[in-house]
Structures are given as C-alpha cells and as structure tokens.
Amino acid sequence: MTEIRHESVAPTRTQWLAPGAAIDAHRHDDHQIVYAGRGVLAVTTGTGTWIAPGTRAIWVPAGTHTPHDESPERGRLRAVLLDQLRASPQQPLHLPTPTTPQLKAVCEILRTDPADDRTLAALGREVGASDRTLSRLFKADLGMTFPQWRTQLRLYRALVLLAEDTPVTTVAHLCGWSSASAFIDVFRRAFGHTPGTHQPRRQTD
C-alpha cells in the first residue's frame, strides 16, 4: 500500500516540475489551490484524476481543520479569494477512476490508446462483458456515459500533448478525432478557446 505523506499546512509556493514529473502522494490539514503557470497539471486521488490547463485551477479540499494563521492580512486575502472562487464557473475536467474489474480493463485499453475508436460492444468482447453491462457500469461507477468518459480522456491527453508543443493536427489524430476541425470544435466547447492557446510560445530571435 502506498504511504501517504502528511503535511499539516498546505504551503504557498512556486515549484518547477519537469515534463512528466510528479509530486509524491500527500495530504494537508488545510485547503489548497493548485494551478499550472504554463502547461497542464493533474491531481490524482483514489477516486479519479482532475486536470487543469494553465487557464484553470484545482481546489483541493481538506477535512475540518483550524487555520494556523488568523492574521487580519490573511483573513482579507482569503475573503478576496473566496469571492473570486464563488464568481468563477466550475468547469471540471474530471476523469474518474473505475473500481470494477471489467470497467478497469476497458478504461486501461483506452488510456493506452485514446485514438482507439472501437464501439463499447467491441471493447466488451475483448474484456468479456456485454455493452449493456458496461454502459450500466459507466453510469453507476463513474457517473457518466461511455462517450462522455472517452471524450474527457481524449481532452486530458490532448492537453498534455499540446503542452509538449505537439502540432494541433497531430494531437487531433493521436487522440481519436477524425480531423483537426472536429478536435478544435470539441476543444472550444469544453474550454472556451482554441487548442493553440495551450501551446508554449516559441521564442524568436
């Protein structure tokens, strides 16, 4: 079993991470907000993964705790932050983790190759389950339909590839869209802007 490090206070800091790098499993007694200054980040728990590109933040809640700093300055900053959070739309890119063996098998196939375009019935034949059973499990175990989960997975992989400066057309095909225009349309509806926004800016001489 993975040991989870405990830090009572959620730190306020900037941390540089190499592409693909991770922070070990840990928990705080304080709430925390994390965001990527550039690129994309993911927060993974036992129930799933939450993904945030550079335009979004992830609120990581803690259990009941007593704040360690009750200074007036911290109180005012917290009040402003909470006001901003209340006014901000919640648009989570959440990829829940399956718990049933058959669903785990299907999801792992698609995680390995998001461009796999087989139907749920075809995937079910590979893992030994009917499409009706799998469809029911997606809704009961993950709270979303099979097409919704696959779209979330593809968007997640797309964000990672875009952060690595992969061309938009290549990202579209690697993630299972039939064309760049189809990918751009889904991406714009999900995030409110085009995929190019998430690519690193190239430096010019």
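Visitor: Among contacts between residues at least 6 apart in sequence, what share joins residues at least 24 apart?
Guide: Happy to start there, with the reminder that this is a predicted model. Contact here means heavy atoms within 4.5 Å. Taking the contacts in the chain between residues at least 6 apart in sequence, the share that joins residues at least 24 apart is 55%.

Visitor: What pattern of helices and strands does the chain follow?
Guide: The chain has seven helices and seven strands. Read along the sequence, their pattern is β-β-β-β-β-β-α-β-α-α-α-α-α-α.

Visitor: How much of the chain counts as buried?
Guide: The accessible surface comes to about 13,200 Å², and 53% of that belongs to carbon and sulfur atoms. For burial, the cut-off is under 20% relative accessible area. Of the 205 residues of the chain, the buried share is 30%.

Visitor: Is Ala105 buried, exposed or partly exposed?
Guide: Ala105 is found in helix α2, residues 101-112. Its C-alpha atom is separated by 9.1 Å from that of Glu126, 21 residues apart along the chain. Buried needs under 20% and exposed over 50%, so at 31% relative accessibility Ala105 is partly exposed.

Visitor: How far apart are the end C-alpha atoms of helix α5, and what span should its 18 residues have?
Guide: Helix α5 covers residues 146-163, and its buried residues include Phe146, Trp149, Leu153 and Leu162. Just after α5, Asp165 takes a positive phi of about 70°. At 1.5 Å a residue, the helix should span 26 Å, which agrees with the distance between its end C-alpha atoms, 26 Å.

Visitor: How many disulfides does a search of the whole structure find?
Guide: Cys107 is buried at 1% relative accessible area, and Cys175 is buried at 0%. A disulfide needs two cysteine sulfur atoms within 2.5 Å, and the number found in the whole structure is zero.

Visitor: Are the rings of Phe187 and Phe191 stacked, tilted or edge-to-face?
Guide: A search of the whole structure finds five aromatic pairs. The ring centres of Phe187 and Phe191 are 4.6 Å apart, with their planes at 50°. Stacked needs planes under 30 degrees apart and edge-to-face over 60, so this pair is tilted.

Visitor: Why are Phe187 and Phe191 separated by about one helical turn?
Guide: An α-helix has 3.6 residues a turn, so residues three or four places apart point the same way. Both residues lie in helix α7, residues 180-191. Phe187 is buried at 0% relative accessible area, and Phe191 is buried at 8%. They are separated by about one helical turn because they are four residues apart in α7.

Notes
Residues are numbered from 1 along each chain as its sequence is written. This is a predicted model: local features need pLDDT of at least 70, side-chain atom pairs count only at pLDDT 80 or more; totals for chains, interfaces and linings use all residues. Side-chain values use heavy atoms; hydrogens and water are left out. Helices (H or I, at least four residues) and strands (E, at least two) are DSSP runs, numbered from the N terminus. Buried means under 20% relative accessible area, exposed over 50%, partly exposed in between (1.4 Å probe, protein chains only). Rings of Phe, Tyr and Trp (its six-membered ring) pair if their centres lie within 6.5 Å; planes under 30 degrees apart count as stacked, over 60 as edge-to-face and the rest as tilted. Accessible areas come from the Shrake-Rupley method with a 1.4 Å probe; for residues, only the protein chains shown count as cover. The expected span of a helix is 1.5 Å times one less than its number of residues.
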